[in-house]
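Please read it alongside the sequence and the model.

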Amino acid sequence: MNNALKTLFLTVFALLTASVLSANAQTAATPPTNHWQTAATVGLTIARGNADTTLFALSVATERKITNDDLKLGADIIYGTSKIQGQGSSQETADSDRGFVQDNHSFTYRSYGYLRLEALHDGIADIQYRINIGPGMGYYLIKNKTLDLSIEGGPGFIKEKLDDYNEDYATLRAAEALHYQISAHAKLWETVEVLPQANDLDNYIVNAEIGVEAALNKSNKLALRSVLDDSFDNEPAAGRLKNDLKLITGITYKF
């Protein structure tokens with residue numbers, strides 16, 4: 001994996017660790033609006049027989065809301081192998097790592113500015129690394145305790161290496177996100193992000209996600225989560241398909 005990408009992942013995980021330590025060190029006097037909320041999700045699929053298949057997924061996300069800022073960090077890893085009996089060694093079927101940091105600074109109850117940094121490695125799609133950074137503006141079309149719907153956008157810059165080909169270019173970002181609290185013990189969310197190259201609109205990336213989560217205990221600390229993730233790259237690495245679709249179900253622990 002590229003050194004810059006490794007550095008970003010290490011930074012994200014270090015910040016996540018720091019958030020856990022900070023949360024554990026809080027006292028009852030700490031305001032409830034000024035603490036880290038962290039969730040770790042693990043998914044594992046194992047099949048043995050005519051085909052030996054293993055798929056492992058791990059994601060960690062944390063968020064801290066204070067008076068005018070909402071800081072979000074996350075990282076996820078997906079790795080899988082498969083081997084058909086009598087047909088040689090195991091083959092990788094999944095090999096991706098992703099990390100992001102985003103800080104939203106509120107200007108009014110509904111409007112905010114943001115700065116976002118994201119990095120991706122996907123060995124199967126031949127994305128050696130893709131780093132995307134950019135500022136922008138956002139606005140909540142709906143914002144209440146049960147439902148929020150936001151839109152955001154701004155300029156950005158992508159640095160990537162697809163197979164052995166390096167490319168840097170300016171990009172535009174348009175995104176929307178919806179979160180719906182179905183009940184006290186269940187929630188649903190979806191996000192869509194479009195990233196076209198500023199001077200070549202035929203080169204664009206679309207990332208979309210929809211997920212649902214249901215608590216497994218009264219405290220809501222343990223939950224069952226299922227996420228459908230879709231990534232579309234209109235100009236992928238040579239010999240690779242444009243679309244990658246993943247459905248991952250796992251157990252989430254919140255702290």
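Buried means under 20% relative accessible area, exposed means over 50%, and partly exposed lies in between, with a 1.4 Å probe and protein chains only. The model is predicted, so local features need pLDDT of at least 70 and side-chain atom pairs count only at pLDDT 80 or more, while totals for chains, interfaces and linings use all residues. Residues are numbered from 1 along each chain as its sequence is written, and side-chain values use heavy atoms, with hydrogens and water left out.

**Overall architecture**

- Along the sequence the order is α-β-β-β-β-β-β-β-β-β-β-β-β.
- Of the 255 residues in the protein, 33% are buried.
- Among contacts with a separation of 6 or more, 49% are between residues 24 or more positions apart, a contact being heavy atoms within 4.5 Å.
- The protein exposes about 14100 Å², of which carbon and sulfur atoms supply 60%; accessible areas come from the Shrake-Rupley method with a 1.4 Å probe, and for residues only the protein chains shown count as cover.

**Salt bridges**

- The whole structure contains twelve salt bridges, each defined as a side-chain nitrogen of Lys or Arg within 4 Å of a carboxyl oxygen of Asp or Glu.
- Arg130 forms a salt bridge with Glu160, at 2.7 Å from N to O.
- This pair links distant parts of the chain, with Arg130 in strand S6 and Glu160 in strand S7, 30 residues apart.
- Arg130 is buried at 10% relative accessible area, and Glu160 is buried at 3%.
- Arg130 also forms a salt bridge with Asp233, where the closest N and O atoms are 2.8 Å apart.
- Because Arg130 lies in strand S6 and Asp233 in strand S11, this second pair ties together parts that are 103 residues apart in sequence.
- Asp233 counts as buried, with 9% relative accessibility.
- A network of salt bridges that share partners joins Asp76, Arg98, Arg116 and Glu118.
- Within that network, the side chains of Arg116 and Glu118 meet at 3.1 Å, N to O.
- Arg116 is buried at 12% relative accessibility, and Glu118 is buried at 12%.

**Aromatic pairs and charge over rings**

- There are three aromatic pairs in the structure; rings of Phe, Tyr and Trp (its six-membered ring) pair if their centres lie within 6.5 Å, and planes under 30 degrees apart count as stacked, over 60 as edge-to-face and the rest as tilted.
- One of them is the tilted pair of Tyr112 and Tyr140, with 5.5 Å centre to centre and 50° between the planes.
- Tyr112 lies in strand S5 (residues 111–122) and Tyr140 in strand S6 (residues 127–143), so the pair ties together parts that are 28 residues apart in sequence.
- Both Tyr112 and Tyr140 are buried.
- Another is the stacked pair of Tyr253 and Phe255, with 5.6 Å centre to centre and 25° between the planes.
- Tyr253 is partly exposed at 41% relative accessibility, and Phe255 is partly exposed at 33%.
- The charged end of Lys143 sits over the ring of Tyr140, 4.7 Å from its centre; this term requires NZ of Lys or CZ of Arg within 6 Å of the ring centre and within 35 degrees of the ring normal.
- The charged end of Lys143 also sits over the ring of Tyr109, at 4.5 Å from the ring centre.

**Nonpolar surface patch**

- Leu216, Leu222, Leu224, Ile251, Tyr253 and Phe255 make a nonpolar surface patch of about 510 Å²; patches are made of residues with over 30% relative accessible area and no salt bridge, with like charges joined within 9 Å and nonpolar side chains (Val, Leu, Ile, Met, Phe, Trp, Tyr) within 5 Å.
- Strand S11 (222–233) and strand S12 (243–254) are the elements that give two or more residues to the nonpolar patch.
- Leu222 lies in strand S11 and is partly exposed at 32% relative accessibility.

- Asp163 is not a glycine, yet has a positive phi of about 60°.
- Asp163 is in the loop between strand S7 (147–162) and strand S8 (165–183), and is partly exposed at 33% relative accessibility.
- Asn220, also a residue other than glycine, has a positive phi near 65°.
- Asn220 is in the loop between strand S10 (200–215) and S11, and is partly exposed with a relative accessible area of 22%.

How values were computed: Helices (H or I, at least four residues) and strands (E, at least two) are DSSP runs, numbered from the N terminus.
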